[in-house]
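Hi everyone, thanks for making time this morning. Let me put it on the screen.

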Amino acid sequence: MYPQDLKYSEKHEWVRVEGELATVGITSFAQEQLGAIVGVGLPEEGAEVEQHAPLADLDSMKTADQVFAPVSGRVVKVNRALEEHPELINDDPYGDGWVAVIEMADPSELDGLMSAAEYEAFVAEEASKG
Amino acid sequence: MTMPLIFERSEAGRKAYSLPECDVPRKDVAELLPDWAVRKSAAALPEVSEVDLVRHYTKLSQRNHGVDVGFYPLGSCTMKYNPKVNEDAAALPGFTSLHPYQPEELVQGALELMYELGRYLCEIGGMDEATLQPAAGAHGELTGLMIIKAYHESRGDGAKRTKVIVPDSAHGTNPASAAFCGYKVVEVKSDARGGVDLDSLRAAMSDEVAALMLTNPNTLGLFDENIVEIAKIVHDAGGLLYYDGANMNAIMGIARPGDMGFDVLHFNLHKTFSTPHGGGGPGSGPVAVKKALAPFLPVPVVEKKDGKFVLDYDRPHSIGKVKAFYGNFNVMVKAYAYIRALGAKGLREASENAVLNANYLMRKLAPYYHLPYDRYCKHEFVLSAAYQLAAGVHTADIAKMLLDYGFHAPTVYFPLIVKEAIMVEPTETESKDTLDAFVSAMIEIAQLAEKDPEALHSAPHKMVVGRLDDVTAARRPVLRWRPREQANAK
C-alpha cells in the first residue's frame, strides 16, 4: 500500500534516500486527510533545517498544516512546480508531488524513521483512535 | 442564475451621478500634479444609469445571508441578533460629528463613555484596567501579547521567555498572533474530556514560556474545569495567562477570567456586545489586564481626574499606540448602550440563554449526529459527520444542504481535533421555534444521507448557484474583472 523503498515519519512525511540526499514529501494518507491542497509555502533553497522542525506550509480546503523535516540538513532543492500546481501533492504524492530535497547532516536519523510496513501499522493505529 | 457584473452592464455615456456647476476656477490637472501622477487614458470604469446602479447593488445585497435574514449558527462567531436601538445610539450626531483632534474639554461625554465602558469590561472580566484601542479580536491578541512581552522585559526576563503555549483546540489566530509577536509556538494536547491535558502542559512548561493562551469555554464549547490548576502550573513557572474572549458570550455574569487566574484578556465587542460583524468590520477588541500589567497598556488611557475625563499619555512603560487615535469609537458606543440596556442581570440572562439554547440543540441532534464530547456544553457544541461518512456523506455536503433550508451553515472542519467537525452556536437571541426548525432540517438531512446521499453531494439545489467548484476557486482564483478581449488574450 505504501511504497517499499521509502522511509516514513510519524508526521506522515516520506523520505527517498539517494546517497547523502533525502527527497521529502507527504504520504498518500496525509494528502487524503488534508483534502484538496490549494497552496504550498516552500522553504528557501540553502536553508538549514532541524529534524522535526517545519519545512514547508500547506493550505488545503479543510485546514492549514505543515510539512516537518524528517531529517536535519540543508535544503538543496525545492519543488517550484508546487507553487503553480499544488494539486501535484494530491495527484502524485510520491512522484511529481515531492516537496524538497535535503542534504542530510546526520544520516543516522533515518534509523528513527519507519518502514512501509511499520508506517501502515502506525496509520491503522491512528485511524482506530478516531 | 448568474447576473451580469456591473462592468458588463456598462454602456458608454450613461452616468449615475450629477454634479453641480463648478464654482471655483477650473485648472488643468497637469498644472497641479507631476507628470507621473497624471493618467494617460481614462480609467475603465463602468458607465451605468442611477437606477441600474441601485438595482444592481440591491440585488447583490438580496443574495446575502445575514442575521437579519435568518438563523446563522456559525460556531465560534456568536452571530446573535444585535438590537437596532444600539445603532440609533451610535448614530447620534453628538457622537458621529466628533473630531478626534477636539480638545478634551469639548468631548467630555465621549471620554466618559469610554471610561465607563472600560470599567464595565473590567467588571465583567474580573480585571483592573483596560484599553479600547485594538480594532478587533486578533489585534487584541497581539496587543495583549505585546503587553506580556513588555512585562517580562521589565523584569529582565524577556530574552529567556521565548515561547507561548497554545492548546491544539485553539482558534487559529492564537498561534498566528504569538508568532507575529516573535514567539515560538508550543502546542499542547487536549485530554479525553476536551480540556487541556495537564501532563502535556506540565511537560511543556518551563522558564522559557512567556504565556499560555486559552479560550474557556474552549472551541469545543466545553468549560475547562481544571482552569485553577492550569493557572497554577503556568504561574508557578513565571508565565502569564492570556484569555481569548471569543467565547465570552458563554460566561457573562457567571464566571470571570480574572477570577480563574487569567492576567490578560481581550473582548470581541462585535461578537458579544452588539455590533454586526463579518464582512470586514469595523470591530473592536478591547484588552483588559491585571494591575501588574497596567503600566504597559497602550497610550492614551482614559482617566478620571478631579471629576474630569482626560487622556493620559504619561505612561513611560507603555507599549505605545496600537491604532490611530482611540479605537473604533462607534463600536464602543454600541457596546456601552447594550451593556446599559441589559444591565448585570440581563447580561447574565443572555449567557444563560445562549448556553440553554446550545444544550437544547445538542441533545436534540445527538441521536442523529456523532457527538464526540458528550457532556454539558456552554454556548456552542461540536458534532461530527462520522455516522454519515459511512454513506460517503461529508460535513461539507451537510453544510451545503442546510442552505436550501434557509439556514447559514455552522462552522465546519473546525476545531481541527474533531474529524468532519460541525460546530454549532445558536446564541441567546433565537426562539425555540427557530431552533426546532433547524433540528427538523438537520434530521431530514441525516435521513437523506442514508436514503439518497447523491442528493447531498450535489447540494444546494435551491440557491441561485449550485455546488461551486471551491477547489478550483482556491487554486486558480480570478481576482478581478477584465474586458473580454483581454481575458481571452490571457
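Start with B:Val412: its bridge partner in E12 of chain B is B:Ile422. Keep in mind as we go that this is a predicted model. That pair belongs to the contact between E11(B) and strand E12, residues 421–424 of chain B, where two bridges join antiparallel strands.

Now bring in the neighbour. In chain B, three strands make an open sheet, ordered E10-E12-E11, with antiparallel pairing. Strand E10 (381–384) and strand E11 (411–412) of chain B are the edge strands, each pairing on one side only. As a reminder, strands of a sheet pair through backbone hydrogen bonds.

B:Val301 sits opposite B:Asp312 in E9(B). And for those of you who like torsions: there are two residues between the strands of this hairpin, and B:Asp306 takes a positive phi near 50 degrees.

Zooming out, how many helices and strands does chain B have? There are 18 helices and 12 strands. The radius of gyration of chain B is 26 Å, close to the 23 Å that the globule rule gives for 490 residues, so chain B is as compact as a globular protein of that length. Along the principal axes, its C-alpha atoms fill a box of roughly 70 × 70 × 45 Å.

Of its 490 residues, 41% are buried. And among contacts with a separation of 6 or more, 72% link residues 24 or more positions apart.

Conventions: Residues numbered from 1 in each chain as written. Chains lettered and ligands numbered in written order. Predicted model: local features only at pLDDT ≥ 70, side-chain atom pairs only at ≥ 80, totals over all residues. Pairing = 2+ DSSP bridges. Helix = DSSP H or I, 4+ residues; strand = E, 2+ residues; numbered from the N terminus. Rg over C-alpha atoms; globule rule 2.2 N^0.38 Å. Buried ≥ 20, exposed ≤ 12 C-beta atoms within 10 Å, placed from the backbone. Contact = placed C-beta atoms within 7 Å.
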